[in-house]
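Me: I'm new to this structure. Could you walk me through how to read it?

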Amino acid sequence: MKNHETMTPDKLKKYWIPLYEETYERVDNRMRSTPIPPLPRKTSKNSLLQFKNTLLAKLGTAYTVIDSDIEKIVKALDAVSKMHPFYKELFLIKTGREPEDLLGRYRAKRRILNKIYRDTRTEIKSSLTGGEAKKAFRGGLGRMLSLLKRDRALLEAVKEAIKEISRMPDITGDLVVIIAGMPQVGKSTLLKKLTRAEPEISPYPFTTKTIIAGHIEVRPYGKITLIDTPGLLDRPIDRKNEIEMKAVLALKHLSDTLIYLFDVNPNTYYSLDEQLAVYKDVINVIETNDIIIAINKIDITPQDLLGEAEEKIVEATGYKPLLISAEKGYGLDKLLEMLEDKLIEKIQSRLS
Ligand SMILES: Nc1nc2c(ncn2[C@@H]2O[C@H](COP(=O)(O)OP(=O)(O)O)[C@@H](O)[C@H]2O)c(=O)[nH]1
Ligand SMILES: [Mg+2]
């Protein structure tokens, strides 16, 4: 089993990203319990030593707090880096960084933190005056904190990305099928008809839209997941809304197969040409070469319209459409059989 198959979104909930302000506050609070005594008198060796020891203790406290916060960040990023590429792409969209990159960055920061800590200790210990020791302490503390301070905005984005991704259900599967097609063509009806349990509806991160998933268990092989994305893959793709477009692009990491539905009944809401234009848009972003095209609502579509549409669709897409009625169940056995074959094929190719 690959790693990412076990790191599901809900498991992200137990990770915590401390923001800079929080780290700073913890450091400040914890250090306050050992206040810095007044500068020692120049003549007293003993009081200089005591003064330095107080600074060392405070520095140690700060180090421990910052180190454990960076460790928390490392653990969370490690978890994200083990997820399915789809979720990693969403993370990249929000933060501008690959999880693996950031993991490396924060692992390095832990090492740098340790070095600053050790160097500062040495500096404090070798100081000849209280003033010098205090200066070394302040400098070291500032450098340790700035490891996170510089990343303030980035950490906020990371926290937000992890929060949003953790709210998604696991929409991966052994075979993931995206159902696309213009509004009212029957996507929701088809998803319901092919699956047994109620579909899961969840927010789609970084968009105002939701994503709907239904599952088909194919024993003993595995799980087919059907995905519907209302408002996203049912109209010309909105390239102005950049983050939404990127979120749509992330779907290509998810989908093994695309089902594109047409509706050409006499009262259809959109013309065949409009539906074909959206089809082109969708396959451009989804980039799959495993496509099933179906004409839905054949129960209310006269033969001549069907024949005409079929011809036009073959010409425009290169695929011969399946003829189905999601509502009446016509042609769904055939469709399900195709999906099952794809699932089995995929699992076998994974094994070999
Ligand atoms: N007659 C007929 N109506 C259908 C069929 N499939 C869906 N519908 C109807 O078409 C309308 C839109 O269906 P829906 O699944 O909500 O479309 P979506 O917007 O693509 O999700 C609903 O009123 C459905 O009942 C079909 O095969 N035959
Ligand atoms: Mg719908």
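**Reading the model step by step**

Reply: Happy to! This is a predicted model. Let's start at the ligand: helix α7 (residues 187-194) gives the largest share of the shell around ligand 1, 3 residues.

Me: Which residues come nearest to ligand 1?

Reply: Gly186, Lys187, Ser188, Thr189 and Glu327 do, out of 16 residues around ligand 1. Sorted by class, that shell holds 4 nonpolar, 7 polar and 5 charged residues.

Me: How do I read a helix, and why do its residues point the way they do?

Reply: An α-helix has 3.6 residues a turn, so residues three or four places apart point the same way. Now look at helix α5 (residues 130-149). Its buried residues are Gly130, Ala133, Ala136, Phe137, Gly140, Leu141, Met144, Leu147 and Leu148. They cover an arc of only 130° around the axis, so they sit on the same side of α5. The face turned away from that buried side carries the exposed residues Gly131, Arg138, Gly142 and Ser146.

Me: What covers the buried residues of α5?

Reply: The cover includes α1 (20-32), α2 (45-81) and α4 (99-125).

Me: And how is the protein divided into domains?

Reply: The domain assignment gives domain 1 (3-166) and domain 2 (175-351). Their centres, taken over C-alpha atoms, are separated by 47 Å. Where they meet, 8 residues of domain 1 are in contact with 8 residues of domain 2. On the domain 1 side, α3 (85-95) and α6 (152-166) each give two or more residues, and α3 provides the largest share, 6 residues. That side divides into 5 nonpolar, no polar and 3 charged residues.

Conventions:
Residues numbered from 1 in each chain as written. Chains lettered and ligands numbered in written order. Predicted model: local features only at pLDDT ≥ 70, side-chain atom pairs only at ≥ 80, totals over all residues. Near = placed C-beta within 6 Å. Helix = DSSP H or I, 4+ residues; strand = E, 2+ residues; numbered from the N terminus. Nonpolar A, V, L, I, M, F, W, Y, C, P; charged D, E, K, R; others polar. Domains from an automatic or database assignment. Contact = placed C-beta atoms within 7 Å. Expected span 1.5 Å × (residues − 1). Buried ≥ 20, exposed ≤ 12 C-beta atoms within 10 Å, placed from the backbone. Arc of directions from axis to C-beta.
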